[in-house]
Structures are given as C-alpha cells and as structure tokens.
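Reader: Hey, I've just opened this one and I'm new to it. Can you walk me through it?
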Amino acid sequence: MKARVHVMLKDGVLDPQGAAVQHALGALGFDGVEGVRQGKVIELDLADGTTEAQVGDMCEKLLANTVIESYRIEVL
C-alpha cells in the first residue's frame, strides 16, 4: 500500500518560506502571484494491512506538528 500525506501550515500561521517564494517570483518577473503557502508531501510505502488510521497516528505523532499544521492523507 502507498499513501501520500500533504502537510500545510494552518490558516493564520505565518509562512515565511511562502513569503520568500512569493518575493522571489516577483523578482523574476512573475507579478501575478498574490500569495504562496509552502508545505510538504510525504510518500509512504507501507506493508499490506496498514490502515489509514495508522497513517493518521503517524501524522499525529511525527509527520505533522498539529499545533500549527494540518494534514491530509491520500491512499494510492
């Protein structure tokens, strides 16, 4: 089984990396970019029988800082 976990900063949390990317895109001439939020994608190769709930536990305990980040699990 494969799973993909999308981790993003929650709304309202300052995203300095996103701001830096937005600034850099503007400096490169891409003036139409009004906002950037940067996150991460984690792909997991899992043993058969691993449940989505177990992946959720992985997110809660390690893969996402749930105080400031949200996550979405995609089973592939």
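Reader: What share of the contacts between residues at least 6 apart in sequence join residues at least 24 apart?
Author: That share is 67% in this chain. Keep in mind that this is a predicted model.

Reader: How much of it is buried?
Author: Buried residues account for 22% of the 76. As for the surface, the chain exposes about 5,300 Å², with 55% of that coming from carbon and sulfur atoms.

Reader: What about charges, how many positive and negative ones are there?
Author: There are 7 positive and 12 negative charges, and their mean positions lie 3 Å apart.

Reader: Switching to helix H1, where does it run and how far does it reach?
Author: H1 covers residues 16-27, which is 12 residues. From first C-alpha to last it reaches 16 Å, close to the 16 Å expected at 1.5 Å a residue.

Reader: And which residue with a positive phi follows H1?
Author: That's Gly29, with phi near 100°.

Reader: Which residues does Val13 touch, leaving aside neighbours within four places in sequence?
Author: Arg37 and Ile68. Also, the C-alpha atoms of Val13 and Glu69 are 8.5 Å apart in space, although 56 residues separate them in sequence.

Reader: Now strand E2. Where's Lys40 in all this?
Author: Lys40 is in E2, which runs over residues 39-45. At 38% relative accessibility, Lys40 is partly exposed.

Reader: What does Lys40 touch, not counting residues up to four places away?
Author: Lys40 is in contact with Val5, His6, Val7, Leu63 and Glu69. Take Val7: its C-alpha is 5.3 Å from that of Lys40, with the two 33 residues apart in sequence.

Reader: Last strand, then. Is Ile73 buried or exposed?
Author: Buried, because its relative accessibility is 19% and the limit is under 20%. Ile73 is in strand E3, residues 69-75.

Reader: Which residues is Ile73 in contact with, leaving aside those within four places?
Author: The list is Arg4, Val5, Glu52, Val55, Gly56 and Cys59.

Reader: And how far is Ile73 from Val41?
Author: Their C-alpha atoms are separated by 9.9 Å, and along the chain they are 32 residues apart.

How values were computed:
Residues are numbered from 1 along each chain as its sequence is written. This is a predicted model: local features need pLDDT of at least 70, side-chain atom pairs count only at pLDDT 80 or more; totals for chains, interfaces and linings use all residues. Side-chain values use heavy atoms; hydrogens and water are left out. Buried means under 20% relative accessible area, exposed over 50%, partly exposed in between (1.4 Å probe, protein chains only). Contact means heavy atoms within 4.5 Å. Accessible areas come from the Shrake-Rupley method with a 1.4 Å probe; for residues, only the protein chains shown count as cover. Lys and Arg count as positive and Asp and Glu as negative; His and the chain ends are not counted. The place of a charge is taken as NZ of Lys, CZ of Arg, CG of Asp or CD of Glu. Helices (H or I, at least four residues) and strands (E, at least two) are DSSP runs, numbered from the N terminus. The expected span of a helix is 1.5 Å times one less than its number of residues.
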